[in-house]
There are 2 protein chains.
Amino acid sequence: MTHYPLTGTTAALSLLWFAPSPAIAQQLIDSDKHQIRTDKIGETLEHPWGLALMPDGRFLVTERNSGRLLLGRMEGGAFQPVSGVPDTFRFKGPTGRSQGGLFHVALHPDFAENQMVYVSFSQPSDEGAGTAVARGRLSENGDNARLEGVEVVYTMNKHDSSGLHFGGRFAFHPETKNLYVTVGERRNISRAQDAEDHAGSVIRVRDDGSVPDDNPFVAKADHDDKIHSIGHRNPQGLAFHPETNELWATDHGPEGGDEINRLKAGLNYGWPFQTAGKDYSGAPIGGGKEVEGMEAPVHVFDKTVGPAGVAFYRGDMFPEWRGDMLIGGLASESLERIRIADNKVVEHESIPIGRRIRDVQTAPDGSVLLLTEHSDGEILRLTRAGAPASTGTGAADKAR
Amino acid sequence: MTHYPLTGTTAALSLLWFAPSPAIAQQLIDSDKHQIRTDKIGETLEHPWGLALMPDGRFLVTERNSGRLLLGRMEGGAFQPVSGVPDTFRFKGPTGRSQGGLFHVALHPDFAENQMVYVSFSQPSDEGAGTAVARGRLSENGDNARLEGVEVVYTMNKHDSSGLHFGGRFAFHPETKNLYVTVGERRNISRAQDAEDHAGSVIRVRDDGSVPDDNPFVAKADHDDKIHSIGHRNPQGLAFHPETNELWATDHGPEGGDEINRLKAGLNYGWPFQTAGKDYSGAPIGGGKEVEGMEAPVHVFDKTVGPAGVAFYRGDMFPEWRGDMLIGGLASESLERIRIADNKVVEHESIPIGRRIRDVQTAPDGSVLLLTEHSDGEILRLTRAGAPASTGTGAADKAR
């Protein structure tokens, strides 16, 4: 979600993005700064999770529950299955209580040269499952698309039988091309503070899964070499800031504890010691909002958002959003627009979409793409409708 | 574990219990009150979980990981598999991180008449798994033993994909013959306080699974009819006091919070609000040891015990233990002997066994049977060796 290559061909290709897409579902939304039109792109999807834009204007999208990877076009139409995706650990029951399945998809930064596609998933094993990342070369032959030479480049070091809190978002550093992977604490709060256990961590490996020499815990006893930061709960949004290359993440907190964090190497983000939230039962957890030796979040949402995918907006279509962080809200069913200055949130607007939002991407033409997390989920394309709304009016009162 | 019928034939049959068992493993232990000899009974077992003594001197024993139910004899020798046991949800991996599988086994109080055997297990379903109890009629034909007409009489109302904290112990009320089942909170602390969710509860149903009219929540909105008490974490020991018919339970607490509770209808035992423990990571949980409106435990262990099966001692072989509660300690690898007077623990002795103890039973001859929770687990029979040690000496200093 949070990274795709801006190649030299972007300017030319971006014309494709203006091609009108057939409006299967459409709505107009008055947000604080812009009037927005939403259009559904292509077929209905079963719990879509991750979206990767391709240099030729197509995209790859994952379905969490079916485990399918699909190729689609912005103009809509039928999706084309991509074979070769690893088997995933999931339960297919009607309630969908397991959070396992196929998660994120992204292109290697050098995709134009190497055609490498990365997917994250809940990898089944004798011990249950663990968050993992695999890669394969996208090969197309007529209507057949497949991943070839698929290999698992990363898997959690301790699998277990929980079907919850996999994390599963990943991003490539724009320069080093290192792979950063979020791993949830598997709904076991005891695991997030263990610096030898990948659960509740953000992982940093090279694009082939090997350990970079400068990882923060390489020389530390009782710390795992692959871990970049610890003390996370279930981070599902991860993005490099396009100008500063800082790494930002969202984390699903307990009740009232949803967070935005700026991730730095070797730090402890506190869960379950430091949290602004309570357990969903209402029971207190942890020792408060600020605990010594732990990194405080940049922001804690005062209402439950269920923050998932995150992208920094950097297009021309919504000029008043430029540089803002766009976060998909599952529980809030809104696109959360966040402006950050000096590591503080200075503006927050909840743009109501009315659907649970799993991932957010910005397209080369400046439109915004959302995945909605439903059994009848969809790709929604947000474009600008009409002139920008004036700021400082009634609509802006929603900003907090 | 905690209940078997004392039929009229017990006195005669009890002679069988004195038959010497082949000593495959044997040790002598000096406890505060008695010198104890331990002998291994029969074959090695893979993670045995529950043990039911039969009126003819044989026993049934479960293996959690393999899902096997086995028939054995106190004289030792090979175990005989009993077919017809329901499939269980489990992972067979080397680390055994899932706690799912086949759990407890007990005979119906009228077993002599109806041959009904009950087993608890993690029942697989589309949503994952849930704690369940099934029953079937034990039928033997030569060397073939099987459960016939097997039916699930109880299953959790909300299954999920966690492999942890199933609870899974059950006991029959000696008079009403109602079935009480412990259900863990599935390693999801948010579920224990929800009185509509069986997770984190003790269940009370009739022996056919129907709801007794006098269940505490029958007439209460937003409460489930089958629930007897809520606020439990992962109770794995359950026993009726042989004289008072009071129901007692052990509960695996978080770090430092292992509990003994006396269970009364309709009460809230506090997890995760009321707990003396911390999370295993060290993080605080809850609001303290005593929370208004919640029932305090009778006892909190000051060291981690990992309390599993529990039995009240009522034999003649260890006269100084009469009436005491014997608790199998997993983490402590000890048999915890507890004396309770006026609902307070007045004596506590940890008898070191050196093996993780999953279940405890008292046999008609007064010997004590332990199941050890290992991949090379065993049934250990504790008998008295030599004269009772004098009390009030150095050994008694261990009592707290």
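**Sheets, chain pairing and local features of the predicted model**

In chain B, the four strands β11, β12, β13 and β14 form an open sheet, in that order, and the pairing between them is antiparallel. The two edges of this sheet are taken by β11 (170–172) and β14 (227–230) of chain B, each of which has a single partner strand, so that one side of each is left without a neighbour in the sheet. On average, and with direction ignored, neighbouring strands of this sheet are turned by 15° against each other. In general, strands of a sheet pair through backbone hydrogen bonds, and the pairing may be either parallel or antiparallel. Within the sheet of chain B, strand β12 (residues 179–183) and strand β13 (residues 201–205) run antiparallel and are joined by 5 bridges. The partner of B:T182 in one such bridge is B:V202, a residue of β13(B).

A further open sheet of chain B contains 5 strands in the order β1-β2-β25-β24-β23, again with antiparallel pairing. Its edge strands are β1 (26–30) and β23 (357–362) of chain B, each of which pairs on one side only, and the twist from one strand to the next averages 25°. At one end of this order, β1(B) is joined by 5 bridges to strand β2 (residues 35–45) of chain B, and the two strands run antiparallel. Here B:L28 stands opposite B:R37, which belongs to β2(B).

The relation between the two chains was examined next. Two copies of a chain are, in general, related by a rotation about an axis and a shift along it. In this model, chain A is superposed on chain B by a rotation of 179° with 0.0 Å of shift along its axis, and the RMSD is 0.0 Å. The two copies are thus related as by a two-fold rotation axis. The same surface serves both copies, since 100% of the contact residues of chain A recur in chain B. In the interface itself, 35 residues of chain A are in contact with 35 residues of chain B. Between them the chains bury about 2,600 Å², and 60% of this area lies on carbon and sulfur atoms.

Side chains of opposite charge can pair when their charged atoms come close. One of the salt bridges is formed by the side chains of A:E373 and A:R356, with a distance of 3.0 Å from N to O. A:E373 lies in the loop between β24 (368–372) and β25 (377–384) of chain A, while A:R356 lies in the loop between β22 (344–352) and β23 (357–362) of chain A, so the pair ties together parts that are 17 residues apart in sequence.

Some features of the backbone in the loops also deserve mention. In chain A, the peptide bond from A:W271 to A:P272 is cis, with omega near 0°, and A:P272 is found in the loop between β17 (259–263) and β18 (299–300) of that chain. In chain B, the peptide bond from B:W271 to B:P272 is likewise cis, with omega near 0°, and B:P272 is placed in the loop between β17 (259–263) and β18 (299–300) of chain B. Finally, A:D222 has a positive phi of about 60° although it is not a glycine, and this residue is found in the loop between β13 (201–205) and β14 (227–230) of chain A.

Terms used:
Residues are numbered from 1 along each chain as its sequence is written. Chains are lettered from A and ligands numbered from 1 in the order in which they are written. This is a predicted model: local features need pLDDT of at least 70, side-chain atom pairs count only at pLDDT 80 or more; totals for chains, interfaces and linings use all residues. Side-chain values use heavy atoms; hydrogens and water are left out. Two strands pair if DSSP finds at least two bridges between them. Axes are lines fitted to C-alpha atoms, for helices over the stretch in contact, and angles run from 0 to 180 degrees between N-to-C directions. Copies are superposed by least squares on the C-alpha atoms of residues with pLDDT of at least 70 in both. Contact means heavy atoms within 4.5 Å. Buried area is the accessible area (1.4 Å probe) that two parts lose on being put together, summed over both. A salt bridge is a side-chain nitrogen of Lys or Arg within 4 Å of a carboxyl oxygen of Asp or Glu.
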